[in-house]
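The entries below follow the order in which I looked things up.

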Amino acid sequence: MKRTIAFAVLAGLAATLFAAEVLVKGSDTMLNLTQRLAEAFSAVQPDISVSITGGGSGVGINAITNGECDIANASREIKSKEISTARANGVNPVGIVIAIDGLSVIVSEKNSVEKLTPEQIGAIYRGEIKNWNQVGGPNKKISLYGRQPSSGTFVFFRDAVVKGEYSVAMRQMNGNAQIIEALKTDEGGIGYVGVGYLREATGVKAVAVRNAKGEYVSPLDEKKVEAGLYPLTRPLYQYTSGKPKGNARKFIEFELSPKGQEIVKQEGFFPVTSDYQEHNKAALGK
């Protein structure tokens with residue numbers, strides 16, 4: 001019996017030591033989600049190890065361009081300039097959408113403001129609106145929290161909402177969790193985070209944002225986010241060099257499986273919609 005147990009232990013140790021490795025790098029918004037997916041994947045594929053690090057979408061895209069990782073997590077679409085740089089390095093970036101995010105504008109739960117227009121949010125982040133009483137809230141100075149320029153969320157929010165340069169007063173935070181922690185103690189604060197980070201957050205709330213139809217929609221309204229009625233809905237990408245292959249493809253196919261998409265929902269994000277499912281089929285060569 002002792003010999004059998006010893007053999008099993010050694011076999012497990014050998015599997016760990018010699019496991020194939022998939023390197024994933026990039027978006028901090030996707031960090032917790034892909035770590036959870038990797039844990040579940042390892043349970044069914046113990047011979048493949050998935051290592052995940054953050055740093056921001058730009059960092060991930062640079063890494064796939066330079067051959068430093070197998071998958072780049074990106075909370076924004078790759079830019080044409082980045083595609084040109086990658087191709088000059090012999091890399092053809094192919095994007096797969098693994099989840100949908102409702103990028104959430106958050107404030108302190110003590111703030112009476114419940115809804116904002118995209119124009120108001122943009123003016124706040126450009127520094128043109130400085131007090132909450134200018135948007136129907138309390139007489140309190142607004143303090144701005146956002147992400148660092150290497151973040152895909154920084155770029156997406158700037159292009160979709162700010163439509164200009166961020167105010168120099170904005171505090172650039174390392175990640176979503178840091179923004180939530182800051183707002184817990186700042187009743188005048190405003191920030192933006194991936195919707196998955198609201199799942200267990202306390203002390204903050206998401207404001208509803210007006211869409212093109214004039215309807216105010218919460219990022220927590222699953223049906224309206226999936227229907228594209230929430231104005232800050234965005235796809236979450238993973239980029240590979242060429243069509244996904246080998247162990248990276250196995251991991252991506254697991255993420256897109258019913259089990260993987262159930263984990264996406266458990267982590268507070270939304271499953272891939274039908275239009276992006278068709279996009280993924282083409283990207284995977286199915």
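I began with terms: axes are lines fitted to C-alpha atoms, for helices over the stretch in contact, and angles run from 0 to 180 degrees between N-to-C directions. Helices (H or I, at least four residues) and strands (E, at least two) are DSSP runs, numbered from the N terminus.

I noted that the model is predicted, that local features need pLDDT of at least 70, that side-chain atom pairs count only at pLDDT 80 or more, and that totals for chains, interfaces and linings use all residues. Residues are numbered from 1 along each chain as its sequence is written, and side-chain values use heavy atoms, with hydrogens and water left out.

**Entry 1: two helices.** I looked up helix 9 (residues 246-256) and helix 10 (residues 258-266), whose axes come within 4 Å and cross at roughly 65°. In their contact (heavy atoms within 4.5 Å), helix 9 contributes Phe254, Glu255 and Leu256, and helix 10 contributes Pro258, Lys259, Gly260, Gln261 and Ile263.

Entry 2: I found an open sheet of five strands, ordered 8-7-9-5-10, with mixed pairing. Two strands pair if DSSP finds at least two bridges between them. Strand 8 (171-173) and strand 10 (204-206) are the edge strands, each pairing on one side only. From one strand to the next, the twist averages 30°. Strand 5 (residues 104-108) pairs with strand 10 in the antiparallel sense over three bridges; serine 108 has valine 204 as its bridge partner in strand 10.

**Entry 3: helices across the sheet.** I saw that helix 5 (residues 118-125) lies across strand 5, strand 7 (143-147) and strand 9 (189-193), at about 110° to strand 9. Helix 7 (residues 176-184) lies across strands 5, 7, 8, 9 and 10, running at about 160° to strand 9.
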